[in-house]
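Let's take a walk through a protein model together. Have a look at the picture below, then read on.

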Amino acid sequence: MKIINGTIINPELNKMYKADIEVKSPAGSKEEGLVIDASGLYIAPGMADTHVHFRDPGFTYKEDILTGARAAAKGGYTEIVLMANTNPKVDNLDTLSYVIEKGKDTGIHISTCANVTMGMKGEEIVPMEELKEHGAVGFTDDGVPIMDSSVCLEAMKRSAQLGVPISFHEENPSFIDNNGVNRGKASEYYGIGGSPREAEIDLIARDIELAKKASPRVVIQHISTKEGVELVRQAKKDGLDIHAEATPHHFSLTEDAVIKYGTNAKMNPPLRTEEDRMAVIEGLKDGTIDLIATDHAPHSAEEKAKSILDAPSGIIGLETCLSLAIKNLVNENHLTYPQLFNRLSLAPCELYGLKGGKIDDQLNLDLVIFDPDATWVVSEFESKSSNSPFTGEKLPGVIKYTICGGRIVYEG
């Protein structure tokens with residue numbers, strides 16, 4: 001397959017340039033010999049999301065690995081790293097193998113983390129060595145903070161020995177009355193206690209101190225506070241191997257959204273203030289936050305129709321991420337396209353040891369081709385779920401092709 005007349009976004013070289021690309025497609029495939037005219041289009045490494053919930057096994061009425069992968073391909077993703085809070089949990093080889101094997105049938109690259117603790121109970125550490133040997137690319141109890149510092153430290157030490165990331169959901173429940181809604185304007189609107197910023201700040205500070213004793217590769221998940229960003233910034237300056245994720249919703253929205261959209265803008269950690277949103281963007285600009293991850297969290301319409309107290313937290317994000325990043329980061333002159341695809345492709349692939357993220361003669365198998373100027377209205381989703389505050393919004397950036405392994409896995 002040959003792609004001609006397009007503009008290449010090369011995050012590794014931090015450059016954009018006009019060039020034609022040869023893509024090695026499988027022999028005998030429909031893509032072999034195909035020529036795509038990419039005039040007016042941008043060509044970038046396929047995106048990599050290292051924080052995704054496909055709810056499979058156990059909650060497949062919300063999403064499954066096959067539907068989730070279709071949503072990912074539509075969004076321009078070729079690499080997905082799944083979270084482990086399934087049912088059963090990914091704390092054993094059987095569940096790990098199930099996820100990995102089912103992922104092979106999707107057309108994109110599906111990897112998964114395993115849990116840090118058995119049953120996500122925060123007490124007994126999983127057999128990390130065995131799980132890594134059989135394919136786990138990292139460890140996380142995402143969704144549940146690990147409150148026992150000694151367990152957390154021991155897990156950091158083991159992950160450091162294995163050379164894989166360990167990711168933390170940083171919300172101390174002792175600070176929180178009702179999760180998913182920021183304590184402030186939003187919680188006052190609903191007449192509830194909400195989740196204060198101190199819940200995040202407390203555990204980020206604790207885990208940075210623990211990391212000084214173990215030298216692990218730590219990922220602070222879905223960071224939401226200006227103080228949290230500054231803690232990570234200082235930890236990086238101190239030479240710690242600390243990384244942080246920003247979600248599209250945390251760099252696009254504030255707590256005003258949960259007042260406007262209700263449960264479809266309820267998430268953990270919650271949307272916070274404009275000052276926090278801009279601090280997250282500043283963290284993306286200066287590299288303090290090196291990963292953009294969607295925290296794609298599907299829930300059924302029935303679940304999200306419950307009250308603000310009873311509805312689950314989380315929104316879907318795979319199909320809107322690139323457009324939100326173009327709108328709020330590139331078009332607002334916060335990031336260039338090469339910088340954006342560093343956060344969307346190169347850095348996550350490097351952190352998790354994935355093969356993508358680069359434009360290279362030997363690796364041009366996974367690409368996304370998109371029109372940066374065309375617009376679309378968020379409506380129909382490939383995901384089984386539609387819990388998004390962005391439904392009905394007109395966004396820039398239309399994906400034309402997602403190519404994985406030299407095959408077209410999505411064509412818009």
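Two strands count as paired if DSSP finds at least two bridges between them. Helices (H or I, at least four residues) and strands (E, at least two) are DSSP runs, numbered from the N terminus. This is a predicted model, so local features need pLDDT of at least 70 and side-chain atom pairs count only at pLDDT 80 or more, while totals for chains, interfaces and linings use all residues. Residues are numbered from 1 along each chain as its sequence is written, and side-chain values use heavy atoms, with hydrogens and water left out.

**The five-strand sheet**

With bridges in hand, here is one: Thr140 has Ser167 in β9 as its bridge partner. β8 and strand β9 (residues 165-168) pair in the parallel sense over two bridges. They belong to an open sheet of five strands, ordered β8-β9-β10-β11-β12, with parallel pairing. β8 (139-140) and β12 (291-292) each have a single partner strand, so they stand at the edges with one side left without a neighbour in the sheet.

Contact here means heavy atoms within 4.5 Å. Axes are lines fitted to C-alpha atoms, for helices over the stretch in contact, and angles run from 0 to 180 degrees between N-to-C directions.

| Helix | Lies across | Angle |
|---|---|---|
| α4 (residues 149-162) | β8, β9 and β10 (217-220) | about 150° to β9 |
| α7 (residues 226-237) | β10 and β11 (242-246) | about 150° to β11 |
| α13 (residues 337-352) | β5 and β6 | about 65° to β5 |

**The three-strand sheet**

Another open sheet has three strands in the order β5-β6-β7, again with parallel pairing. Its edges are β5 (47-52) and β7 (109-112), each with a single partner strand, so one side of each has no neighbour in the sheet. From one strand to the next, the twist averages 20°. Strand β6 (residues 77-82) pairs with β7 in the parallel sense over four bridges, and Val81 stands opposite Ser111 in β7.

**Aromatic rings**

How many aromatic pairs does a search of the whole structure find? It finds five. Rings of Phe, Tyr and Trp (its six-membered ring) pair if their centres lie within 6.5 Å; planes under 30 degrees apart count as stacked, over 60 as edge-to-face and the rest as tilted. Tyr189 and Tyr190 have ring centres 4.8 Å apart and planes at 90°, so they're edge-to-face. Residues are buried under 20% relative accessible area, exposed over 50% and partly exposed in between (1.4 Å probe, protein chains only). Tyr189 is exposed at 51%, whereas Tyr190 is partly exposed at 25%.

The rings of Tyr337 and Phe370 sit with centres 5.9 Å apart and planes at 45°, so that pair is tilted. It links distant parts of the chain: Tyr337 is in helix α13 and Phe370 in strand β13 (residues 367-377), 33 residues apart. Both Tyr337 and Phe370 are buried. Ring pairs also join Tyr42, Tyr337, Phe341 and Phe370 into a cluster.

**A buried serine**

Ser323 is found in helix α12 (residues 321-330). Is Ser323 buried or exposed? Ser323 has a relative accessible area of 4%, so it's buried. Apart from neighbours within four places in sequence, Ser323 is in contact with Trp376, Leu395, Pro396 and Gly397.

**The whole protein**

Zooming out, the protein has 13 helices and 15 strands. Of its 412 residues, 61% count as buried.
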